[in-house]
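Please look through the structure below.

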Amino acid sequence: MAEEEDYSSIPLPDRFTHKVWKVRKGAYEEAAKQFALTPDESDPFFRPFLSDVSLWKSAVLDSNVAAQSEGVIALCAFLKYAGRDACLRTRGHTITPMVEKCLSSSKAATKQNAIEAILLYIELDVAGPVIEDILPGLGNKVPKNVAATLNVLAQVVHNYGCKIVDPKPILKALPKAFGAADKNIRAEASNLTVELYRWLREAMKPLFWGELKPTQQTDLEAQFEKVKAEPPPKQERLLRSQQDIVESAPDAGEDGYDEGGDEQDAGEELDAFDLAEPVDITKKISPNFSELLASSKWKDRKEAVDGLYEALNVPRIKDSDFGEVNRGLAKCMKDANVLVVTQAALCIERLATGLRQGYAKYRAVVMQPIMERLKEKKQVVSDALSAALDAVFASTSFSDCMEDITTYLGNKNPQVKEGTMKFLIRCLRTTRDVPSKPEITSVCESGKKLLAESTPVLRDGGAEILGTVMKIIGERAMTPLIEGLDDIRKTKVKEFFASAEVKAKEKPKPAPAPKAAPGGAKKVVGGKRPVARKAAPAMPAADPPAMPAAAPAKPAGPGSKLGMPKSSGLGGLKGPQKRTLGTPGTASPRRPAAGPPIMPSDDEPVAAPPQPRIGASRGLAGRSLAKPAAAPAMPPPDSPPPMSGFSAVERAELEELRAANERLTRQVDDMRQERSKFLSEIQELKNQNAGLIEDHTRDVLSIKAKETQLVRARSDAEATEGVNDRLRRELERLKRALSKAETIGGGSGVISPAITSPTRDDVGIFHDSGSGSAGYNRTSFASTMSEEKENGEMAYPRSKISPELRYGSGTSSGRGSPARGYRTSKPPREDSADSAAPPRRERPVSSLPQPSGGGESWRRAAEVTSQLKARIEQMKAKQGFARP
């Protein structure tokens with residue numbers, strides 16, 4: 001018990017890191033309970049856990065499984081009650097540890113609570129940072145952790161949907177998961193893919209579908225078929241920011257919020273264009289594209305547009321300068337070969353679809369040529385042209401295309417007129433912006449002209465145009481535009497109106513205007529107050545004219561009391577115009593204007609009867625003056641304008657506001673023109689910058705190539721200098737050897753080896769040994785060569801020695817041909833009887849001094865040896881000069 005008391009006395013944050021797991025577990029449980037008891041997010045109890053966020057990292061990484069489970073529960077309670085600040089402070093320290101340790105825990109409660117904590121992190125802020133911290137778990141070496149990471153991603157997408165969670169990084173990681181060897185990883189990847197398909201449908205396939213195996217594609221397609229029958233998914237958990245919006249507008253309700261928000265943005269999120277990354281296709285376009293299009297052979301032109309179509313086959317194209325390409329495609333619209341025309345139209349469709357809003361600047365280049373080619377009667381060609389027009393319209397607006405559409409609706413060719421009519425109908429159906437009043441008027445006039453055509457198709461098209469416009473602006477606004485049509489045509493228009501489907505927001509939404517009208521009616525009710533308050537609201541229109549007559553009837557009694565102190569009637573006339581009508585100019589002061597019911601009594605003294613009483617003592621002249629005084633009583637009839645409109649001051653102010661509005665409108669138009677001009681200049685500067693960057697890159701590459709060539713040339717020059725130095729040294733050495741040999745030869749009187757050979761007396765230094773001449777020659781040569789080897793003077797291998805030395809010489813000098821020298825060396829060896837001993841015996845004997853010889857023999861041997869060396873050097877020198 002003492003230990004427990006000691007533990008409880010330790011501060012709660014310190015117990016989070018205690019070495020005893022039971023203490024830590026108790027601290028987690030107590031913290032979770034205390035978090036639930038806090039009144040708000042600013043409670044001081046949260047401060048220690050917000051200041052030291054490492055406490056939560058140690059909690060989710062607790063070594064004890066039971067304590068870890070309680071630590072994750074405490075983290076969930078902390079996030080739930082501490083709010084967004086707790087999320088931002090602890091997110092970077094806890095998500096990665098939970099992905100590594102908690103999601104793959106052996107306890108199911110730990111897994112579930114870890115998933116709940118991750119969902120709370122997304123709920124309190126946004127999903128992007130959380131997904132970034134989760135995705136590295138897919139690279140974990142443990143298959144169980146990878147499968148758990150895929151599972152939590154599926155849970156995140158299921159609860160929040162692809163409107164909150166960006167699916168791009170998840171889709172890019174799917175191919176690696178499908179290629180894993182573990183079957184659990186592949187199964188979780190399939191579940192995640194099916195969950196993404198519920199939100200994205202076919203739009204997600206271009207990002208990863210091609211990297212899957214055919215069997216995997218088949219299995220997924222089978223699961224996708226089941227999903228297609230399900231209703232569209234809805235966001236199951238709202239972000240905290242969305243919850244605040246719902247609470248602030250309880251009438252909308254959660255369902256209304258989800259449906260309104262999701263359905264409006266679904267078209268944007270479920271589009272492959274937004275999911276795909278922009279691809280630069282300029283390098284894929286053939287450099288001779290323009291030359292092939294200008295070729296006189298249709299096959300070359302067809303090859304050019306086919307190659308372009310393959311290059312454009314990407315979901316999203318990076319914006320670049322495609323002006324030359326579009327001009328070439330526009331020229332193809334006049335091509336005599338329908339295959340070229342069809343393929344060019346498909347290229348325009350792909351390019352417009354891949355660029356979206358970026359293609360708007362090329363609309364004027366291609367739209368008119370396409371409409372001109374609508375005269376083609378072949379269905380395949382007309383379908384391709386229609387698809388190209390639709391893609392171009394999707395990248396622009398209805399106002400941009402209206403002029404060309406109106407022009408070609410009056411074309412003399414029926415095919416062109418029909419194709420343009422169908423294109424207009426498609427534009428009205430797909431546009432999301434309500435056309436302006438002048439555009440609606442122009443469209444309706446074109447539709448009326450089509451109703452008078454002789455062709456039934458054109459007449460039906462005109463009725464469909466009018467019915468679609470009616471669907472956009474409403475029946476009430478359309479009634480004046482079809483007023484001149486007969487009943488049969490009106491019926492036809494209403495039939496198309498009933499079946500038409502449009503995407504533009506209907507114009508009845510400017511309902512504030514009808515609400516302002518009742519406000520004006522209330523002003524009229526205010527003007528009715530002098531008559532009676534009990535009158536019905538519908539009577540004010542008829543009552544005001546009766547007011548001047550009723551006013552003189554009442555003031556008979558009270559007029560003398562109330563009218564006299566109010567001085568002249570001119571002051572009473574100013575009151576209704578400035579005071580009573582000045583306040584109704586605003587929305588709320590209409591009810592405070594109920595005070596002026598006394599004011600009409602101010603108007604009553606202005607009437608003629610009170611003034612004749614004042615001037616009655618003056619006699620008949622008073623009467624003549626009383627009638628002119630009735631003229632000031634005429635302004636009450638001027639009071640009806642204030643009842644139906646504004647006072648003079650308000651009208652002047654309104655005119656000023658209108659003038660200011662027109663001035664601001666003109667300024668806005670001027671600013672828009674300047675903005676468009678600046679945008680075009682910016683685009684030109686961007687193009688110039690891109691060109692300069694390309695030139696700079698090309699120059700840098702050329703400089704690097706030149707530097708590489710220079711380095712190579714320098715290395716080659718250095719190598720060549722080294723070879724030259726070596727050859728120079730070799731040449732000097734050979735020159736010295738040659739001069740030395742010549743000096744030795746000249747001093748001893750030895751004749752060049754090329755002229756003569758030594759006699760038998762010159763070399764017969766071993767005559768006393770009894771050996772034959774041939775044996776001597778061999779031993780002498782062997783001894784000489786062995787000496788050269790030992791002295792290191794053998795500069796060339798044995799194979800490079802002159803033929804005289806290779807084959808030796810007998811009695812002859814050996815300077816003949818190698819064959820002759822070889823033949824002359826054999827007979828003495830065969831004829832000698834006693835001296836034909838093996839060479840192995842003669843060579844060592846000839847190389848050692850013989851005791852039988854005297855000093856003279858040794859001197860002769862030394863001389864012969866030196867002569868042989870000199871000859872060998874001379875032969876080496878000759879061989880060296882003779883070789884290239």
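Beyond its neighbours within four places in sequence, Asn-326 is in contact with Leu-351, Tyr-359, Tyr-362, Val-365 and Val-366, where contact means heavy atoms within 4.5 Å. This is a predicted model, in which local features need pLDDT of at least 70 and side-chain atom pairs count only at pLDDT 80 or more, while totals for chains, interfaces and linings use all residues. Residues are numbered from 1 along each chain as its sequence is written, and side-chain values use heavy atoms, with hydrogens and water left out.

Asn-326 lies in helix H20, residues 323–332. Helices (H or I, at least four residues) and strands (E, at least two) are DSSP runs numbered from the N terminus. Asn-326 is buried, with a relative accessible area of 0%. Buried means under 20% relative accessible area, exposed over 50%, and partly exposed in between, with a 1.4 Å probe and protein chains only. The side chain of Asn-326 also reaches the backbone oxygen of Phe-322 at 2.6 Å.

Arg-327 forms a salt bridge with Glu-324, their closest N and O atoms being 3.2 Å apart; a salt bridge is a side-chain nitrogen of Lys or Arg within 4 Å of a carboxyl oxygen of Asp or Glu. Arg-327 is partly exposed at 44% relative accessible area, and Glu-324 is partly exposed at 46%.

The structure holds 32 salt bridges. In one of them, Lys-205 pairs with Glu-221, with the closest N and O atoms 2.5 Å apart. Lys-205 lies in helix H13 (residues 205–208) and Glu-221 in helix H14 (residues 214–228), so this pair ties together parts that are 16 residues apart in sequence. Lys-205 is buried at 12% relative accessibility, whereas Glu-221 is partly exposed at 24%.

What about disulfides, that is, pairs of cysteine sulfur atoms within 2.5 Å? The structure holds zero disulfides. Cys-401 is in none, and the nearest cysteine sulfur, that of Cys-427, is 5.9 Å away. Cys-401 is buried, at 0% relative accessibility.

Now the chain as a whole. The chain has 45 helices and zero strands. Of its 884 residues, 38% are buried. Among contacts in the chain with a separation of 6 or more, 71% come from residues 24 or more positions apart.

Conventions:
A polar contact is a pair of N or O atoms within 3.5 Å; within protein, one must be able to donate a hydrogen and the other to accept it, and residues adjacent in sequence count only if both atoms are side-chain atoms. A disulfide is a pair of cysteine sulfur atoms within 2.5 Å.
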